Amino acid sequence: MLTYDLEARGGLSLYEYLYRRLRDDILSGALAAGERLPSKRALAEHLRVSVVTVEGAYQQLEAEGYVDARPRRGFFVSPVDRRLPAAEAGPGLPAEEPPRAWRLDLKSGRADPSFFPSALWARLTRQVLSEGGHLAPVPHQGLPELREAIARDLRDFKGMAVSPEQIVVGAGAEYLYLLLAQLLGREAVIALEDPGYPKIRQVYGKWGADCRPIPLDGQGMNLEALYASGATAAHLSPAHHYPTGIVTPIARRQALLRWAEEADGIIIEDDYDSEFRFTGRPIPTLQSIDSRGRVVYMNTFSQTISPSMRVGFMVLPPRLLERCRRELGFYASTVPALEQQVLARFLSGGGSGSWYEQHLSRTRKKYRLRRQKVLERFALCPFAASLTDRGAGLHFLLRLNTEEDDEALRRRAEGLGVRLGFLSEYAAVPNPAYAHTLVVNYAGLDVERLDEAEALLSRVFLTR
């Protein structure tokens with residue numbers, strides 16, 4: 001008769017413990033295939049438990065296929081593969097490295113979290129939760145109210161006459177890059193600015209796209225190299241290139257549109273951080289002067305509201321919109337309904353000027369003051385050879401007064417708890433001209449700690 005020490009069950013119920021012991025005996029071969037189990041009453045009397053306990057264990061074994069119940073005959077062990085002996089212990093899973101706490105981080109291009117409108121956002125969130133609209137399903141392209149709000153904002157502040165139906169909302173820029181890669185197809189040849197934002201080529205490359213780095217000249221993506229590349233699509237940031245800050249003038253923009261028409265290609269206009277322009281008038285988007293439907297416009301709210309939101313959008317021309325719905329419409333929306341509802345209200349509400357517009361105005365003023373103080377301070381540092389600032393964006397280039405290798409500088413900086421980003425890191429094709437140049441992201445730099453920042457950098461560059 002089967003005998004088990006029921007006192008060793010710990011916190012398990014009697015039937016659960018009995019089920020597990022019987023299952024283990026079946027898997028180990030102690031109970032052979034075809035062997036008949038004791039009757040429920042006999043095993044209950046032997047183990048001094050209720051028949052209900054044994055019945056529960058047998059029923060669970062039957063439900064999972066370990067035993068077969070035969071009418072008026074009882075329960076018989078089913079044929080199953082025996083449990084293999086445990087493999088020898090390997091090296092174990094690698095531990096996940098926790099995010100490092102930097103004493104100074106000039107590489108991360110993250111917005112200052114203190115600028116986030118927490119009180120208003122909480123109030124709008126409570127409104128949405130109380131009305132229950134966040135429980136409704138969201139269409140593939142995003143909540144209609146949010147797409148309408150985005151279309152109004154693009155019309156009022158970017159001069160873009162787009163329909164809400166053209167807008168696709170997604171969980172950040174990287175997700176939208178992946179959608180575009182699928183939309184363009186594996187046969188696409190994509191021209192990328194070089195130097196440029198590394199994640200763009202990483203995402204396209206992981207999808208399997210053929211990426212061609214195109215060098216920049218003083219006006220943006222070099223046209224001669226673009227024509228020679230055989231590209232069928234070009235991903236660029238004409239309003240304010242990251243990291244060089246180059247602004248593509250109107251003549252070059254028109255030439256890029258001519259290339260797209262002649263090559264039957266698509267231009268992906270990545271309008272990253274264009275909202276933060278501190279001198280002159282806003283630069284019109286490439287999409288706003290595109291009369292032939294060749295431009296896909298992309299932007300996110302990561303810099304203007306919060307990077308943790310992971311909300312971005314793209315505006316598809318009609319030639320791609322139908323294909324997107326037909327080929328990619330099976331994807332569910334990747335942004336929770338609650339966040340979309342709250343964001344829609346933030347973009348639309350607020351009286352004469354939306355809350356978003358008011359928030360942007362306040363944020364620009366704060367960043368303008370921060371930028372001025374940081375530029376003035378860095379220009380006087382002994383390690384600074386020159387500054388390149390285009391009056392826009394949340395970063396600038398700092399040419400270093402050193403001949404030391406970028407990698408050696410980076411390692412020394414990390415040893416001091418300083419995170420630096422060098423222009424050479426953004427290049428797919430190495431170029432000596434990019435050496436000894438820092439990409440300084442100042443959005444998260446506390447102006448009250450500029451003395452500490454300068455002291456740390458002086459130790460990195462051995463000027464103190």
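On a 1 Å grid over the protein atoms alone, a cavity is a set of points where a 1.4 Å probe fits but cannot get out, whereas a pocket is an open set with protein on both sides within 12 Å along at least five of seven lines; lining residues have an atom within 4 Å of a point. Grid points are joined across faces, edges and corners, and a volume is the space filled by probe spheres set on the points. The model is predicted: local features need pLDDT of at least 70 and side-chain atom pairs count only at pLDDT 80 or more, while totals for chains, interfaces and linings use all residues. Residues are numbered from 1 along each chain as its sequence is written, and side-chain values use heavy atoms, with hydrogens and water left out.

**Stop 1: the cavities**

There are 4 cavities of 30 Å³ or more. The largest cavity holds about 80 Å³ of space. To display its lining, select I150, D153, L154, K158, E275, N299, T300, F301, F313, L347 and Y356. Two elements give two or more residues to this lining, α5 (144-158) and β10 (295-300); helices (H or I, at least four residues) and strands (E, at least two) are DSSP runs, numbered from the N terminus. The largest share, 4 residues, is from α5. By class, the lining has 6 nonpolar, 2 polar and 3 charged residues. In this division Ala, Val, Leu, Ile, Met, Phe, Trp, Tyr, Cys and Pro count as nonpolar, Asp, Glu, Lys and Arg as charged, and the others, Gly among them, as polar.

Next, select A111, D112, F115, F116, Q303, T304, I305, H359, T363 and Y367, which line the second largest cavity. Its space is about 40 Å³, and its lining comprises 5 nonpolar, 4 polar and 1 charged residues.

**Stop 2: the largest pocket**

The largest pocket has a volume of about 940 Å³. It is lined by 36 residues, and those closest to its centre are G109, E174, Y197, K199 and Y272. Colouring α6, β5 (189-194), α7 (198-207), β8 (233-236) and β10 will show the elements that each supply at least two lining residues. Helix α7 gives the most, with 4 residues. The lining as a whole divides into 14 nonpolar, 12 polar and 10 charged residues.

Remain with helix α6 (residues 173-184) and select Q182, which lies in it. Is Q182 buried or exposed? Q182 counts as buried because its relative accessibility is 19%; buried means under 20% relative accessible area, exposed over 50%, and partly exposed in between (1.4 Å probe, protein chains only). Leaving aside residues up to four places away in sequence, Q182 touches W207, L328 and Y331, where contact means heavy atoms within 4.5 Å.

**Stop 3: the second largest pocket**

Select W102, D105, S108, R110 and G444, the closest to the centre of the second largest pocket among its 22 lining residues. The lining holds 10 nonpolar, 3 polar and 9 charged residues.

**Stop 4**

Select residues 450-460, helix α14, whose buried residues are L450, A453, E454, L456, L457, S458 and V460. Their cover includes β3 (104-105), α12 (355-379), α13 (406-415) and β14 (418-419). Just after α14, L462 takes a positive phi of about 55°.

Two packed helices are described by the angle between their axes and the distance between the axes. The axes of α12 and α14 come within 11 Å and cross at roughly 35°; axes are lines fitted to C-alpha atoms, for helices over the stretch in contact, and angles run from 0 to 180 degrees between N-to-C directions. To view the contact, select K373, V374, R377 and F378 of α12 with L450, D451, E454 and L457 of α14. It has 4 nonpolar, no polar and 4 charged residues.

Finally, select E414, found in helix α13. E414 counts as partly exposed because its relative accessibility is 28%. E414 touches R100 and W102, not counting residues up to four places away in sequence. From E414 to L457 the separation is 43 residues in sequence and 11 Å in space, C-alpha to C-alpha.
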